[in-house]
Amino acid sequence: MVQAEALAWLSEHPAEPADAIITSLPDLSELPQLGPGTEGWCNWFVDAAAQLMRWPSPSSVALFYQSDIRHQGRWIDKAHLIQCAADQAGAALLSHQIVCRRAPGTPTQGRPGYSHLLAFTTGEVQPPRRARPDVLADAGESSWSRGMGVLACQAACRFLLDETHARRVVDPFCGRGMLLAVANALGLDALGVELSGKRCRAARSASLPLPA
C-alpha cells in the first residue's frame, strides 16, 4: 500500500512483467480542482486512462470499473471516455461486461443501475480462453458508495487468472482496498496507491476471506 498521487507514482515506477491494472478512475465530483463544468475532468479522465493502459507490459492488461454519471441533466458515458483513451493509447478492447448495481428494471434517477467492466491491452489480441457472462447480475457488497462491489472485484481478478499471465494487481486509485483484499483472497499479489491518508489506513486493514 502506497500513499501517493497515482499518475506520478506510475510514471516513476515501471511495470513488472506480472503487473496488471485494475481500477476505477475518480468521478467529476472528486476532482473539483479541474474546474467548473465537465471539460477539464473529461480531458483528465481520457489522458489518465490512456496512461494506465500504456503502463503494463504489452502482454498484460488494464481493467476499468466505471459507472456513468449525470451532470446538469447531461449523461456522461464513461465507456465512451475509456474507449477514447484506448484510441489514444493504441489499445484494443478485450472484454466489456455490464455489472448490475440495481436489479434490472429498477427505476433510477441519479447514477445508473449498472457499471462497465472493460479490459484492454496494448499488445497482441488473443482469442478468449473461456466464455464469461456479458452481464453480471450483481456487483456485490461494497465498503463504500463509490467502490467496486466484491463480486465485480472477483470478476475482474478472475479475468486476469483465466486470460493473462499477470499475477499482481495494481490499483492506482484503490480507495478503501476492497479490490486488494479480493485479489489476495484469490491468490494474487496486490498493490494499491491512494492519495487519501484515511483511505490508505482503511485499505491496509482490509481483508476478505473468500470460498475456494
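Patches are built from residues with over 30% relative accessible area and no salt bridge, with like charges joined within 9 Å and nonpolar side chains (Val, Leu, Ile, Met, Phe, Trp, Tyr) within 5 Å. Heads-up: this is a predicted model, where local features need pLDDT of at least 70 and side-chain atom pairs count only at pLDDT 80 or more, while totals for chains, interfaces and linings use all residues. Residues are numbered from 1 along each chain as its sequence is written, and side-chain values use heavy atoms, leaving out hydrogens and water.

**View 1. A positive surface patch.** Arg176, Lys198, Arg201 and Arg204 gather here in a patch of positive charge. Lys and Arg count as positive, Asp and Glu as negative, and His and the chain ends are skipped. Arg204 belongs to helix H6 (residues 197-204); helices (H or I, at least four residues) and strands (E, at least two) are DSSP runs, numbered from the N terminus.

**View 2. Asp19 meets Arg168.** Their side chains form a salt bridge at 2.7 Å, N to O. The pair links strand E2 (residues 19-23) to strand E9 (residues 168-171), 149 residues apart. A salt bridge needs a side-chain nitrogen of Lys or Arg within 4 Å of a carboxyl oxygen of Asp or Glu. Asp19 is buried at 1% relative accessibility, and Arg168 is partly exposed at 24%; buried means under 20% relative accessible area, exposed over 50%, partly exposed in between (1.4 Å probe, protein chains only).

**View 3. Gln72 with a positive phi.** Gln72 sits in the loop between strands E4 (69-71) and E5 (74-76). Its phi is near 50 degrees, and Gln72 is exposed at 78% relative accessibility.

Technical notes: Areas by Shrake-Rupley, 256 points an atom, 1.4 Å probe, with all protein chains shown as cover. Charge placed at Lys NZ, Arg CZ, Asp CG, Glu CD.
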